[in-house]
Amino acid sequence: MTIKVAPSILSADYINLQKDIELIESAGAEFVHIDVMDGMFVPSISYGPAWVKALRPVTDMVLDVHLMVEQPERYINVFAEAGSDIIGVHYEATPHIHRALQQIKNHGIKAEVVINPGTSVAAIEPVLHMVDQVLVMTVNPGFGGQKFLPETLEKIARLAEIKREKGYDYDIEIDGGANDETTKLAYEAGATVAVAGSYVFDKVDPAAKIARLKEVTSD
Ligand SMILES: O=C(CO)[C@@H](O)[C@H](O)COP(=O)(O)O
Ligand SMILES: [Fe+2]
């Protein structure tokens with residue numbers, strides 16, 4: 001088995017996005033990670049549902065939408081209708097995380113709960129039975145190119161333990177500062193999906209970077 005790779009288009013070439021999408025897909029990436037930022041929950045503003053709609057017909061990769069927005073309930077329907085396969089909502093962004101996850105599932109797509117580095121696994125235990133994926137932020141959200149926070153490894157291991165104990169089958173995704181070294185550590189702790197933005201796109205050969213993430217996690 002190897003980790004599933006989810007390149008984040010936050011670090012892609014927006015003018016030639018289709019070229020980057022084709023490149024990562026042919027290199028074996030399973031997911032494409034779409035970071036939606038509202039300028040409130042995080043300082044940056046990125047892109048909206050029109051991007052998901054535009055990407056849908058040009059790829060078979062899983063469209064993995066990470067909503068970094070306040071009160072994500074306001075936007076779940078439009079992102080689902082745009083063609084998202086997975087929608088992730090932050091525990092910290094709504095007082096109604098259970099309802100937000102239900103709202104995603106009502107569209108017949110996968111629901112993901114996301115936790116910031118300062119949030120414990122215990123906070124989301126009551127909703128783990130209903131999620132398809134848990135995203136452990138391995139940096140504070142808002143920007144690409146930050147350094148992986150090693151203290152998040154403990155949370156990955158705890159989520160893997162709960163998964164085994166309770167017989168859940170959610171994917172455990174990491175996001176932020178992923179490279180060949182940090183992805184290997186996260187994989188060993190139990191991560192099954194790695195988001196990688198700058199590591200994949202900032203260097204000369206994205207396909208080689210994807211292959212490297214697969215190589216360091218093959219067992
Ligand atoms: O959600 C986010 C940032 O908030 C990410 O998905 C970034 O796009 C990851 O970028 P790298 O740390 O891999 O450069
Ligand atoms: Fe992300």
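Two residues are in contact here if their C-beta atoms, placed from the backbone, lie within 7 Å. Keep that cut-off in mind for the helix stops on this tour. The model is predicted.

**Stop 1: helices α3 and α4**

Select residues 73-81, which are helix α3. Which residues of α3 meet α4? They are Glu73, Ile76 and Ala80. On the α4 side, look for Arg99, Ala100, Gln103 and Ile104. By class, this contact has four nonpolar, one polar and two charged residues.

Now look at the directions of the helices. The axes of α3 and α4 come within 10 Å and cross at roughly 15 degrees. Angles under 35 degrees count as roughly parallel, and α3 and α4 are therefore roughly parallel to each other. The crossing of α3 past α4 is right-handed.

**Stop 2**

Then zoom in on one strand pair. Select residues 133-137 for β6 and residues 171-175 for β7. How many bridges join β6 and β7? There are five, in the parallel sense. Click on Met137: its bridge partner in β7 is Asp175.

**Stop 2: helices α5 and α6**

Select residues 153-166 for α5 and residues 180-189 for α6. Their axes lie 8 Å apart, and the helices pack at an angle of about 30 degrees. That angle makes α5 roughly parallel to α6.

Show the side chains. From α5, Leu153, Ile156, Ala157 and Ala160 meet Leu185, Ala186 and Ala189 of α6. What classes of residue make up this contact? Seven are nonpolar, with no polar and no charged residues.

**Stop 3: ligand 1**

Finish at ligand 1, which 22 residues surround. Start with the closest: Ser8, Pro141, Gly144, Gly197 and Ser198. Next, colour β2 (31-37), β8 (193-196) and α7 (198-201). Each of these elements supplies at least two residues of the shell. Colour the shell by class, and there are eight nonpolar, twelve polar and two charged residues around ligand 1.

Note on methods
Residues are numbered from 1 along each chain as its sequence is written. Chains are lettered from A and ligands numbered from 1 in the order in which they are written. This is a predicted model: local features need pLDDT of at least 70, side-chain atom pairs count only at pLDDT 80 or more; totals for chains, interfaces and linings use all residues. A residue is near a molecule or strand if its C-beta atom, placed from the backbone, lies within 6 Å of it. Helices (H or I, at least four residues) and strands (E, at least two) are DSSP runs, numbered from the N terminus. Ala, Val, Leu, Ile, Met, Phe, Trp, Tyr, Cys and Pro count as nonpolar, Asp, Glu, Lys and Arg as charged, and the others, Gly among them, as polar. Two strands pair if DSSP finds at least two bridges between them. Axes are lines fitted to C-alpha atoms, for helices over the stretch in contact, and angles run from 0 to 180 degrees between N-to-C directions. Angles under 35 degrees count as roughly parallel, over 145 as roughly antiparallel, 65 to 115 as roughly perpendicular and the rest as oblique. A crossing is left-handed if the near helix is turned anticlockwise from the far one by less than a right angle, and right-handed if clockwise.
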